[in-house]
Amino acid sequence: MTSALVFLAAEGEKENPLVPPWPEVVIGLIAFVIVFGFLAKKLLPTINKVLEERREAIEGGIEKAEAAQTEAQSVLEQYKAQLAEARHEAARLRQEAQEQGATLIAEMRAEGQRQREEIIAAGHAQIEADRKAAASALRQDVGKLATDLAGKLVGESLEDHARQSRVIDRFLDELDQKAEATR
């Protein structure tokens, strides 16, 4: 084995294993140029075409996204405008309803006041009519009692109706005057 190592060591001094022989370098260089040329002619245009399509797709996607964003922004502005208009309309309707409500309340109060006044006036008229009817009935009753009493005191009947009415009326008028004077 030592002789094989010696042989290899002697041969290693002559040639460097890291540097290839010149004919292999030339053949490798020619093969590289042929393969590179073939790839440049056939494969490079396809790669460039795919890269261009990809760039166009990305740019088209960006343009579409920008267009969609612009459209979304315009729709948002329209929505905001419609919302503001709807709020304004709602406020106007609310104000109008409040005004109508206030008007209706005022009308109902006025109608209630009018009806109250009518009821009070009718009540006063009824009371006055009842008072007059009661006064008339009282006059007749008092007059009859007074006539009967006077007839018993005098001892004769006071049948003359006209005279009875005058005496009774005068008596009651004097009572009314005395009652008013004491108030």
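The legends below describe close-up views of a predicted model. Local features need pLDDT of at least 70 and side-chain atom pairs count at pLDDT 80 or more, while totals for chains, interfaces and linings use all residues. Residues are numbered from 1 along each chain as its sequence is written, and side-chain values use heavy atoms, with hydrogens and water left out.

**View 1. Overall fold.** The protein has three helices and zero strands, in the order α-α-α along the sequence. Helices (H or I, at least four residues) and strands (E, at least two) are DSSP runs, numbered from the N terminus. Of the 183 residues, 3% are buried; buried means under 20% relative accessible area, exposed over 50%, and partly exposed in between (1.4 Å probe, protein chains only).

**View 2. A nonpolar surface patch.** Val35, Phe38, Leu39, Leu43, Leu44, Ile47 and Leu51 make a nonpolar patch of about 630 Å². Patches are made of residues with over 30% relative accessible area and no salt bridge, with like charges joined within 9 Å and nonpolar side chains (Val, Leu, Ile, Met, Phe, Trp, Tyr) within 5 Å. Accessible areas come from the Shrake-Rupley method with a 1.4 Å probe, and for residues only the protein chains shown count as cover. Leu51 belongs to helix H2 (residues 22–154) and is partly exposed, at 48% relative accessible area.

**View 3. Salt bridge Arg55–Glu59.** The side chains of Arg55 and Glu59 form a salt bridge at 2.7 Å, N to O; the term means a side-chain nitrogen of Lys or Arg within 4 Å of a carboxyl oxygen of Asp or Glu. The two residues are four apart in helix H2, so about one helical turn separates them. Arg55 is partly exposed at 37%, as is Glu59 at 36%. Salt bridges link Glu52, Arg55 and Glu59 in a network.

**View 4. Salt bridges Glu89–Arg92 and Glu118–Arg114.** The closest N and O atoms of Glu89 and Arg92 are 2.4 Å apart. Glu89 and Arg92 are three residues apart in helix H2, about one helical turn. In the bridge between Glu118 and Arg114 the closest N and O atoms are 2.2 Å apart, and these residues lie four apart in H2. The structure holds eight salt bridges.
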